[in-house]
Amino acid sequence: MTGIALRSENLSRSFGGVQAVAGVSLSLPEGQVTALVGPNGAGKTTTFNLITGNLRADSGTAEIRGKPIMGLKPWQVARLGVARSYQDLRLFTHMTVRENVLAATETSSWFWQPGGRRAQQQREHRAESAMEATGLTALADARAVDLAYAERKFLSMARILAAEADIWLLDEPASGLDLSSRIRFGTLLKDAQARGVAICLIEHNLDVVVELSNRIAFLDQGKVLAEGDPQTILKDPALAAIYFGDRPQEAA
Ligand SMILES: Nc1ncnc2c1ncn2[C@@H]1O[C@H](COP(=O)(O)OP(=O)(O)O)[C@@H](O)[C@H]1O
Ligand SMILES: [Mg+2]
């Protein structure tokens with residue numbers, strides 16, 4: 001039996017007249033990759049922002065292993081074991097790779113291991129392991145701004161790894177990666193999955209979704225239209241029509 005690491009119920013948020021998220025209920029089981037799929041503007045990123053406390057929900061709830069998280073600040077949600085990446089990466093561009101990764105270790109280390117030289121050494125060790133796992137060791141002293149596109153994506157993943165969180169919310173981490181980088185990325189996900197991490201992956205490329213995810217939640221106009229195993233969801237012609245922009249005319 002796998003536990004549900006994170007659950008949301010009926011999350012909603014609008015911006016002016018736009019209902020960006022309209023009652024999203026989502027469960028992320030431990031050790032599984034849930035792909036959050038849907039057309040542009042479906043509300044995927046906003047759903048992440050509501051969960052992580054980057055945006056306040058109009059209504060709805062979310063909990064981490066039964067602990068309510070609505071109203072918490074992003075750093076408080078992070079301390080409960082949630083690591084997230086951003087579509088635009090949000091690296092410290094003028095800091096080195098190592099400094100970027102070290103910064104991601106801060107939250108949990110000051111919480112779990114207050115002060116001391118040993119805690120600092122452990123953080124450094126975690127940063128080195130994260131750089132090694134993402135293939136960035138040789139670039140540890142390079143500035144983020146000088147990295148190639150794929151290396152920046154892996155730096156963002158190294159920050160996720162270094163946070164040692166057991167819930168990962170990844171916003172298009174594999175977009176624009178070539179095949180060999182995607183395989184490297186897939187290995188990171190599979191290793192995390194094997195450790196029981198609950199992963200939610202926003203991804204547009206359906207080949208990547210099939211390759212990497214166990215489950216799909218299909219989002220459109222702020223609502224989860226379907227949730228289930230990838231093969232079943234992707235075979236549904238109505239969802240395919242929405243995904244590929246061939247939406248049926250709405251009744252006037
Ligand atoms: N901060 C914001 N202010 C106003 N509108 C927003 C904001 N964030 C998102 N939206 C709108 O909410 C909808 C969902 O956006 P988003 O969650 O980014 O979609 P996705 O990630 O699925 O492409 C879009 O119509 C978008 O323009
Ligand atoms: Mg988005």
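Isoleucine 199 touches Gln32, Val33, Thr34, Trp168, Leu170, Leu189, Ala192 and Gln193, leaving aside residues up to four places away in sequence; a contact here means heavy atoms within 4.5 Å. The model is predicted, so local features need pLDDT of at least 70 and side-chain atom pairs count only at pLDDT 80 or more, while totals for chains, interfaces and linings use all residues. Side-chain values use heavy atoms, with hydrogens and water left out, residues are numbered from 1 along each chain as its sequence is written, and chains are lettered from A and ligands numbered from 1 in the order in which they are written.

Ile199 is also among the residues with the most contacts inside the largest nonpolar core, which has 37 residues. Such a core is a set of buried Ala, Val, Leu, Ile, Met, Phe, Trp, Tyr and Cys residues joined through side-chain atoms within 4.5 Å; buried means under 20% relative accessible area, exposed over 50%, and partly exposed in between, with a 1.4 Å probe and protein chains only. Two or more residues each come from helices H3 (97-112), H4, H5, H6 (179-194) and H7 (206-212) and from strands E7 (167-171) and E8 (198-202). Helices (H or I, at least four residues) and strands (E, at least two) are DSSP runs numbered from the N terminus. H5 gives the most to this core, with 7 residues. Apart from it lies another core, of 24 residues, including Val24, Ala62, Ile167 and Cys200.

Helix H1 (residues 44-52) is mostly covered, with 8 of its 9 residues buried. Threonine 45, by contrast, is partly exposed, at a relative accessible area of 25%. Thr45 (OG1) and Gln87 (OE1) coordinate the magnesium ion (ligand 2) at 2.1 to 2.5 Å. The pair links distant parts of the chain, 42 residues apart: threonine 45 lies in H1, and glutamine 87 in the loop between strand E6 (82-84) and H3. Donors are N, O and S atoms within 2.8 Å of the metal (3.2 Å for Na, K and Ca), and sites may look incomplete because water is not among the atoms. Glutamine 87 is likewise partly exposed, at 43% relative accessibility. Just after H1, glycine 53 takes a positive phi of about 80 degrees.
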